[in-house]
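Here is a short briefing on one protein chain. Look over the sequence and the structure, then work through the points below.

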Amino acid sequence: MSEYVLPTAFSGYLKYNHKISLYSEESGGYLAAAGLTSSDLRVEPLNTTGATPQNFERCVLSVRPVVIWESSSAPISDLGLATSNVTYGQVIQLYHPYTDTWVCVRKKLQSETEKNCFRMSLVRRAMVENDKSISFKILPRYKVRQEGEKVRLLDQVMLVPDGDDTRYVHTSCTPFPEGSFEVNCSFFASSWTVMLYDTAADRSEDASAIRAGEPVVLFHKEIEGFFAADPLNHIKQLEESATATATAASAGSP
């Protein structure tokens, strides 16, 4: 096990409703939705230049307190934790804003890559069968932090399913063919670094600021129109380009 190195500068404390990303130390990438419309969870490694994954909003999570629900869509209490610091040993929930879903342990489904593990995915609130399946105890990865202490940004943490202290949110050992890793629920712990993406205070103070990964609309003032892609024309251009390349290669062959 590698030795934990404390961050060189204090970066602040993790608070409820902060937007964060979770960086996997083992796989060298960010926890993300597998696609903009996919419910699967993956770790997408940084590329060879160190660039973050495309469509980074797939990697953004909001830390939420466990709430008491009156129905599948009507929260009635957050136990008074909505704006407080997150402390080690507390149970949290992870909301995925882009898809309006929650990180969930699927105990009835087997992991795709490691058959002794449970599958994990993003689920809509109405589909949650048991609140414990979307609740996780946050624990320090190393003994430099203790339960009851405030979680600091850039800390390395472990996430334990509520009610099951024998399993952890885990990144698979074997990657998929395209290079990403499955996120599952395993008997083996994985270490996640808490990276701040956005805070409610940031939003209220500068609502016009653009965050990395956010979609934007480009307006051409002179012609009073928006930039747009034509999918059919794009496919046609790709086909014509491929044909031209193949023709040039054939012409150049001896």
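A salt bridge is a side-chain nitrogen of Lys or Arg within 4 Å of a carboxyl oxygen of Asp or Glu. The side chains of D155 and R145 meet in one, at 3.0 Å from N to O. This is a predicted model, where local features need pLDDT of at least 70 and side-chain atom pairs count only at pLDDT 80 or more, while totals for chains, interfaces and linings use all residues. Residues are numbered from 1 along each chain as its sequence is written, and side-chain values use heavy atoms, with hydrogens and water left out.

**Salt bridges**

- D155 and R145 both lie in the loop between β10 and β11, so their pair ties together parts that are 10 residues apart in sequence.
- Both D155 and R145 are buried (buried means under 20% relative accessible area, exposed over 50%, partly exposed in between, with a 1.4 Å probe and protein chains only).
- Salt bridges with shared partners join D40, R42 and E112 into one network.
- In the pair of D40 and R42, the distance from N to O is 3.8 Å.
- D40 counts as partly exposed because its relative accessibility is 24%.
- R42 has 8% relative accessibility, so R42 counts as buried.
- K132 and D162 form another salt bridge, at 3.4 Å from N to O.
- That pair links distant parts of the chain, 30 residues apart: K132 is in the loop between β9 (118-123) and β10, and D162 is in the loop between β11 and β12 (168-175).
- K132 is partly exposed at 43% relative accessibility, and D162 is partly exposed at 22%.
- The structure holds 9 salt bridges.

**The chain as a whole**

- How many helices and strands does the protein chain have? There are 2 helices and 16 strands (helices, H or I with at least four residues, and strands, E with at least two, are DSSP runs numbered from the N terminus).
- Of the 254 residues in the protein chain, 40% are buried.
- The accessible surface of the protein chain is about 14600 Å², and 55% of it belongs to carbon and sulfur atoms (accessible areas come from the Shrake-Rupley method with a 1.4 Å probe; for residues, only the protein chains shown count as cover).
- Among contacts in the protein chain between residues at least 6 apart in sequence, 61% join residues at least 24 apart (contact means heavy atoms within 4.5 Å).

**Strand β7 and its partners**

- Strand β7 (residues 91-96) is largely enclosed by the rest of the structure, because 5 of its 6 residues are buried.
- Strand β4 (residues 61-65) runs antiparallel to β7, with 4 bridges between them (two strands pair if DSSP finds at least two bridges between them).
- R64 has Q93 in β7 as its bridge partner.
- Strand β10 (residues 136-140) also pairs with β7 in the antiparallel sense, over 2 bridges.
- Here V91 stands opposite K137 in β10.
- Strand β8 (residues 101-110) is antiparallel to β7 too, again over 2 bridges.
- H96 has T101 in β8 as its bridge partner.
- The hairpin of β7 and β8 has 4 residues between the strands, and D100 takes a positive phi near 55° there.

**Strand β14 and its partners**

- In strand β14 (residues 192-198), 5 of the 7 residues are buried, so β14 is largely enclosed by the rest of the structure.
- Strand β1 (residues 19-24) pairs with β14 in the antiparallel sense over 6 bridges.
- Y23 stands opposite T193 in β14.
- Strand β11 (residues 156-161) runs antiparallel to β14, joined by 2 bridges.
- W192 in β14 is the bridge partner of V157.

**Nonpolar cores**

- The largest nonpolar core has 31 residues, and those with the most contacts inside it are L14, L22, M120 and I138 (a nonpolar core is a set of buried Ala, Val, Leu, Ile, Met, Phe, Trp, Tyr and Cys residues joined through side-chain atoms within 4.5 Å).
- Apart from that core lies another, of 7 residues, among them Y23, Y30, V60 and Y197.
- Leaving aside neighbours within four places in sequence, L14 contacts residues including I20, V63, I138 and V194.

**A nonpolar surface patch**

- V216, L218 and F227 make a nonpolar surface patch of about 320 Å² (patches are made of residues with over 30% relative accessible area and no salt bridge; like charges are joined within 9 Å, and nonpolar side chains, namely Val, Leu, Ile, Met, Phe, Trp and Tyr, within 5 Å).
- F227 sits in the loop between β16 (225-226) and α2 (231-252).
- F227 counts as exposed because its relative accessibility is 55%.
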